[in-house]
Amino acid sequence: MAEVAYYTKDGLEKLKEELQQLKTTGRANIAKAIAEARDKGDLSENAEYDAAKEAQGHHETKIAKMEELLANARLLDESKIDTSKVLALSKVKIKNVKNGATMTYQLVSESEADLKAGKISVSSPIAKGLLGKKVGDKTEIMVPAGKMEFEILEISR
């Protein structure tokens with residue numbers, strides 16, 4: 001059973017666009033590469049043909065995985081997100097208790113995660129440690145660098 005993933009409207013649109021591009025342009029490019037390799041002669045000793053067929057297999061696998069992802073995708077209505085506690089798609093301002101540094105993250109699906117844009121995956125250690133917490137709560141989270149304590153300053157959408 002595939003896992004249900006929650007997306008913003010923009011994230012879901014990007015996923016659909018990428019799948020459409022893979023099905024159209026991507027497939028056409030691979031078919032062209034296979035045709036060019038086939039034109040070069042004997043297929044039994046044609047490494048270029050073998051490579052193109054292998055690329056086709058990887059491409060079709062990627063398309064199948066994206067179709068499965070889309071089938072299990074759920075669109076979250078951001079206007080209905082409860083801001084009293086941390087949930088998927090919440091924007092959370094946290095403070096590192098040890099050094100006083102503050103950060104703001106939005107908890108998004110794994111495929112939408114982009115640390116530079118302040119978006120972290122809900123399955124990341126920090127997000128898992130924040131889920132369900134309220135403003136003012138302190139939480140210790142085990143990260144690769146060790147245990148860190150954070151205080152939740154603000155929750156928004």
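A residue counts as buried when its relative accessible area is under 20%. By that cut-off His 59 is buried, because its relative accessible area is 12%. The model described here is predicted. Its chain is divided into domain 1, residues 5–75, and domain 2, residues 90–156. The C-alpha centres of domain 1 and domain 2 lie 35 Å apart.

**Helix H2**

- Helix H2 covers residues 47–71, and His 59 lies within this helix.
- Leaving aside residues up to four places away in sequence, His 59 touches Leu 22, Gly 26, Arg 27 and Ile 30.
- Glu 68 also has its place in helix H2.
- Glu 68 is partly exposed, with a relative accessible area of 43%, whereas His 59 is buried.
- Between the C-alpha atoms of Glu 68 and Met 103 there are 34 Å, although the two residues are 35 residues apart along the chain.

**The sheet**

- Five strands make up an open sheet of mixed pairing, and their order is S5-S4-S3-S7-S6.
- At the edges stand strand S5 (119–121) and S6, each of which pairs on one side only.
- From one strand to the next the twist averages 45°.
- Strands of a sheet pair through backbone hydrogen bonds, in either the parallel or the antiparallel sense.
- S3 and S7 are antiparallel and pair over six bridges.
- Ile 94 stands opposite Ile 152, which belongs to S7.
- S3 and S4 are also antiparallel, with five bridges between them.
- Lys 95 has Thr 102 in S4 as its bridge partner.
- The hairpin of S3 and S4 has five residues between the strands, and there Gly 100 takes a positive phi near 80°.
- S4 and S5 pair in the parallel sense, over three bridges.
- Leu 107 has Ile 120 in S5 as its bridge partner.

**Nonpolar cores**

- In soluble globular proteins, nonpolar side chains tend to be buried together.
- The largest nonpolar core of this model has 14 residues.
- The residues with the most contacts inside this core are Val 86, Val 92, Ile 94, Ile 126, Leu 130 and Ile 152.
- At least two residues of the core come from each of strand S3 (91–96), strand S4 (102–108), helix H3 (125–130), strand S6 (138–143) and strand S7 (146–156).
- Another core, of ten residues, lies apart from the largest one, and Tyr 7, Leu 15, Ile 63 and Ala 73 are among its members.
- Val 86, one of the residues with the most contacts inside the largest core, touches Val 92, Leu 107, Leu 130, Leu 131, Gly 132, Lys 133, Ile 152 and Ile 155, not counting residues up to four places away in sequence.
- Ile 94 and Ile 152, which stand opposite each other, are both among the residues with the most contacts inside the largest core.

**Salt bridges**

- A search of the whole structure finds five salt bridges, including the ones described below.
- Lys 40 forms a salt bridge with Glu 48, and their closest N and O atoms are 2.9 Å apart.
- Lys 40 is exposed, with a relative accessible area of 54%, while Glu 48 counts as partly exposed at 42% relative accessibility.
- Glu 151 forms a salt bridge with Lys 95, and here the closest N and O atoms are 4.0 Å apart.
- This pair links distant parts of the chain, with Glu 151 in strand S7 and Lys 95 in strand S3, 56 residues apart.
- Glu 151 counts as buried because its relative accessibility of 19% is under the 20% cut-off.
- Lys 95 is partly exposed, with a relative accessible area of 28%.
- Lys 147 forms a salt bridge with Glu 140, the closest N and O atoms being 3.7 Å apart.
- Both Lys 147 and Glu 140 are exposed.

Note on methods: Residues are numbered from 1 along each chain as its sequence is written. This is a predicted model: local features need pLDDT of at least 70, side-chain atom pairs count only at pLDDT 80 or more; totals for chains, interfaces and linings use all residues. Side-chain values use heavy atoms; hydrogens and water are left out. Domain bounds come from an automatic or database domain assignment. A nonpolar core is a set of buried Ala, Val, Leu, Ile, Met, Phe, Trp, Tyr and Cys residues joined through side-chain atoms within 4.5 Å. Buried means under 20% relative accessible area, exposed over 50%, partly exposed in between (1.4 Å probe, protein chains only). Helices (H or I, at least four residues) and strands (E, at least two) are DSSP runs, numbered from the N terminus. Contact means heavy atoms within 4.5 Å. A salt bridge is a side-chain nitrogen of Lys or Arg within 4 Å of a carboxyl oxygen of Asp or Glu. Two strands pair if DSSP finds at least two bridges between them. Axes are lines fitted to C-alpha atoms, for helices over the stretch in contact, and angles run from 0 to 180 degrees between N-to-C directions.
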